[in-house]
Amino acid sequence: MNSLLGRYVPYDSFLHRMDPRAKLFAVIILMIPVFMGYPSFSMSFVMAGISFALFLFLCIAGHISFLSLLKSIASLWLMAILLLIFYCLTPYSDGQILFYIGTLPIYLESILSAVRIFLRLFLLIELTMVLTSTTKPMDLTYAMEWYLKPFSYIGFPSAEIAMATSLALRFIPTILEDVGRIMRSQQSRGVDFRHGRISVRLRAIASLIVPLFVSAFSRSYELADALACRGYDPKGKRSRYRVLRFTLMDAFKLLVAIAYVGAAMYLSLANVDFFALGGLDVI
């Protein structure tokens, strides 16, 4: 399970050179068009396609392979099925019925809603991968700590929260590798994760979850000991070897992201529908 989610990939690209504070802010605001509502499903899918093209360009610029992106979302297939089942059970008063399962009507809008939610999750993972693959963990920690710094004056543990979040992102690929290693180890002992009755599969999953939790707790204790040995004190005043500086190029990149988000917000809030304007009868 070679996933790049949460793993820094060293390259010399304009994304890698971008100030992590500006990059984190850009990623957060770029999520706005992904989750905003649009007047029709067609408009939602068009905006999702535009966001996908933009994020794919960022992946290519950051030297992130599309195959690695597909591997990172491979575990979403179960969520996609659950979303489809949930929305198919949701009735629509004026919906278009595609077919019946017994006496249960399946609406076209239900399937399109499930697809829209799945696309949002896909785009969210794609954008998160761009951030974590082009930003060093310590730089990401510094960016989050910089944004949370004003809250520290009222007693909010900004440094601890930033460090914990950075470590959580850093250990995502490690945990995924542990899952693959434990699965191969259990399969060599005859455990079958893909065949058999549901009860058999649940027992097989239990044989995967228990060692995974043991490994995760073991790594957390080792990390805590390593931080203690290095004298890490989250409440102490720390100096930095490399001081981050916000440049004019960072401001330009941030303005481009803000312009895109502003255009998407206008289309959403003004209920602009290109298909309706063209006289096309689409959903």
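Q: What makes a residue of this protein count as buried, and what share of the 283 residues does so?
A: Buried means under 20% relative accessible area, exposed means over 50%, and partly exposed lies in between, with a 1.4 Å probe and protein chains only. By that criterion, 37% of the 283 residues count as buried. The model is predicted, so local features need pLDDT of at least 70 and side-chain atom pairs count only at pLDDT 80 or more, whereas totals for chains, interfaces and linings use all residues. Residues are numbered from 1 along each chain as its sequence is written, and side-chain values use heavy atoms, with hydrogens and water left out.

Q: How many helices and strands are there, and what makes a run count as one or the other?
A: The protein contains 12 helices and two strands. Helices are DSSP runs of H or I with at least four residues, strands are DSSP runs of E with at least two, and both are numbered from the N terminus. Along the sequence their order is α-α-α-α-α-β-β-α-α-α-α-α-α-α.

Q: Why are α2 and α7 called roughly perpendicular?
A: Helix α2 (residues 20-35) and helix α7 (residues 137-148) pack at an angle of about 75°, and their axes are 8 Å apart. Axes are lines fitted to C-alpha atoms, for helices over the stretch in contact, and angles run from 0 to 180 degrees between N-to-C directions. Angles under 35 degrees count as roughly parallel, over 145 as roughly antiparallel, 65 to 115 as roughly perpendicular and the rest as oblique. The pair α2 and α7 is therefore roughly perpendicular.

Q: Which residues of α2 and α7 meet, and what makes a contact?
A: Contact means heavy atoms within 4.5 Å. Pro20, Arg21, Ala22, Leu24 and Phe25 of α2 meet residues of α7 including Leu140, Tyr142, Met144 and Trp146.

Q: Is the pair α2 and α11 roughly parallel or roughly antiparallel, and how do you know?
A: Helix α11 (residues 248-269) packs with α2 at an angle of about 10°, with the axes 9 Å apart. The two are therefore roughly parallel. Among the residues of α2 that meet α11 are Phe25, Ile29 and Pro33. The residues in the contact of α2 with α11 are 14 nonpolar, no polar and one charged.

Q: What do the buried residues of α2 pack against?
A: They pack against α1 (14-17), α3 (41-61), α6 (108-134), α7 and α11. Lys23, Val27 and Leu30 are among the buried residues of α2.

Q: Why are α3 and α11 called roughly antiparallel?
A: Their packing angle is about 175°, with axes 12 Å apart, and α3 and α11 are therefore roughly antiparallel. Met43, Met47, Ile50, Ser51 and Leu54 in α3 meet Tyr260, Ala264 and Leu267 in α11. This contact of α3 with α11 involves seven nonpolar residues, one polar and no charged.

Q: Why is Ile60 called exposed, but Met249 partly exposed?
A: Ile60, in helix α3, has a relative accessible area of 58% and is therefore exposed. Met249, in helix α11, has a relative accessible area of 49% and is therefore partly exposed. Met249 and Met18 are 231 residues apart in sequence and 8.1 Å apart in space, C-alpha to C-alpha.

Technical notes. Nonpolar A, V, L, I, M, F, W, Y, C, P; charged D, E, K, R; others polar.
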